[in-house]
Amino acid sequence: MPELFTNAKLSPLHHFDVKSKMVFALLCSLVALFLTKPLPLFTLFVVTLVYALCMRRYKVLLVSYLFFVGVMLLSLFCVSLLVNFYPQFKDSARIDSLAMPFLRGASVMNVVMPMALTIRVQSLLTTLQNLHLPFVIYLPGAVMIRFVPSFIHDIKQVFEAMKIRGFEVNVKNVLTHPVLLTRLCFTPLVFMSLRTSEDLGVAAELKGIGSGNLCTYKRMRLKKRDIALIVFSVVLISTCLVFEYISGGSFYGSMHG
């Protein structure tokens, strides 16, 4: 399995404990669901973007944003087609209406990716075990978080194999051979993802997940910087909620009333 820490120099986020990064990701993701106004959402987006940049995986972050923007543009195209048949959805096709879901989704991505790319597997498993979560939540959570860096490694291998065979992934080939590019990428990624998921399951079993005897190398304790990150996350979501209230937001759930 690929090692999470491929860079010779660790990013600042590697020095934080898993629990503090999980708390930060959880609080930011939850508050993003309830924000409806541009000011609090943009504030959350900017802060989480700076947080994501601290992991120093700029290329991975750029590719993730390009994919995310592509999905949003595809959504805009589909909504535009829908408006031609159902004019009552005209308000949903506006750019400002789609900007809120973009900021909300991008903010969640900004906190989830650093958590997945800057934690050690053993620390993740130990933390999840200490939370005493049900096995049906514990195992999928560990596999999903661990799957992100493994999937990125698989994508790199596919691109390198394509380059060796003479098909380089660039703007020209993307525009002139989109079907071929999709076929060359999609098929190997499916099989590699299946293999990766099987490997992760075997690794989880070897580490004792589900048996009650999870191997623990050392006890992780929160340090001052971890407490500072948790306090900062509370201050951030409080600020966003205040901005939401000042902006006259309905906190999402009350919109149905």
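Q: In which loop is Arg 56 found?
A: This is a predicted model, where local features need pLDDT of at least 70, side-chain atom pairs count only at pLDDT 80 or more, and totals for chains, interfaces and linings use all residues. Residues are numbered from 1 along each chain as its sequence is written, and side-chain values use heavy atoms, leaving out hydrogens and water. Taking helices (H or I, at least four residues) and strands (E, at least two) as DSSP runs numbered from the N terminus, Arg 56 sits in the loop between H2 and helix H3 (58-85).

Q: What is the phi of Arg 56?
A: Arg 56 counts as partly exposed, as its relative accessibility is 36% (buried is under 20%, exposed over 50%, partly exposed in between, with a 1.4 Å probe and protein chains only). Although Arg 56 is not a glycine, its phi is positive, at about 60°.

Q: Which residue forms a salt bridge with Asp 17?
A: Side chains of opposite charge can pair when their charged atoms come close. The structure holds 1 salt bridge (a side-chain nitrogen of Lys or Arg within 4 Å of a carboxyl oxygen of Asp or Glu). Its closest N and O atoms are 3.1 Å apart, and the partner of Asp 17 is Lys 19.

Q: Is Asp 17 buried or exposed?
A: The two ends of the salt bridge between Asp 17 and Lys 19 can be taken in turn. Lys 19 is partly exposed, with a relative accessible area of 27%. For Asp 17 the relative accessible area is 4%, so it is buried.

Q: How many aromatic pairs are there?
A: A pair of aromatic rings is described by the distance of the centres and the angle of the planes. Here rings of Phe, Tyr and Trp (its six-membered ring) pair if their centres lie within 6.5 Å, and planes under 30 degrees apart count as stacked, over 60 as edge-to-face and the rest as tilted. By this rule the number of aromatic pairs is 6.

Q: What is the angle between the planes of Phe 24 and Tyr 51?
A: Phe 24 and Tyr 51 form a tilted aromatic pair, 4.5 Å centre to centre. Phe 24 belongs to helix H1 and Tyr 51 to helix H2 (residues 38-53), so the pair ties together parts 27 residues apart in sequence. Phe 24 is buried at 1% relative accessibility, and Tyr 51 is buried at 7%. The angle between their planes is 45°.

Q: How many residues apart in sequence are the parts tied together by Phe 24 and Phe 232?
A: The ring centres of Phe 24 and Phe 232 are 6.4 Å apart and their planes are at 20°, so this pair is stacked. Phe 24 lies in helix H1 and Phe 232 in helix H9 (residues 224-246), so the parts tied together are separated in sequence by 208 residues.

Q: Which residues does Val 47 touch, not counting residues up to four places away in sequence?
A: Val 47 is found in helix H2 and is partly exposed, with a relative accessible area of 22%. Between Val 47 and Ser 107 there are 8.6 Å in space, C-alpha to C-alpha, and 60 residues in sequence. Counting a contact as heavy atoms within 4.5 Å, and leaving out residues up to four places away in sequence, Val 47 touches Phe 232 and Leu 236.

Q: Which residues does Thr 43 touch, not counting residues up to four places away in sequence?
A: Thr 43 also belongs to helix H2 and counts as buried, at 18% relative accessibility. Beyond residues up to four places away in sequence, Thr 43 touches Cys 240 and Phe 243.

Q: Which residues have the most contacts inside the largest nonpolar core?
A: A nonpolar core is a set of buried Ala, Val, Leu, Ile, Met, Phe, Trp, Tyr and Cys residues joined through side-chain atoms within 4.5 Å. The largest one has 37 residues, and those with the most contacts inside it are Phe 24, Leu 44 and Met 113.
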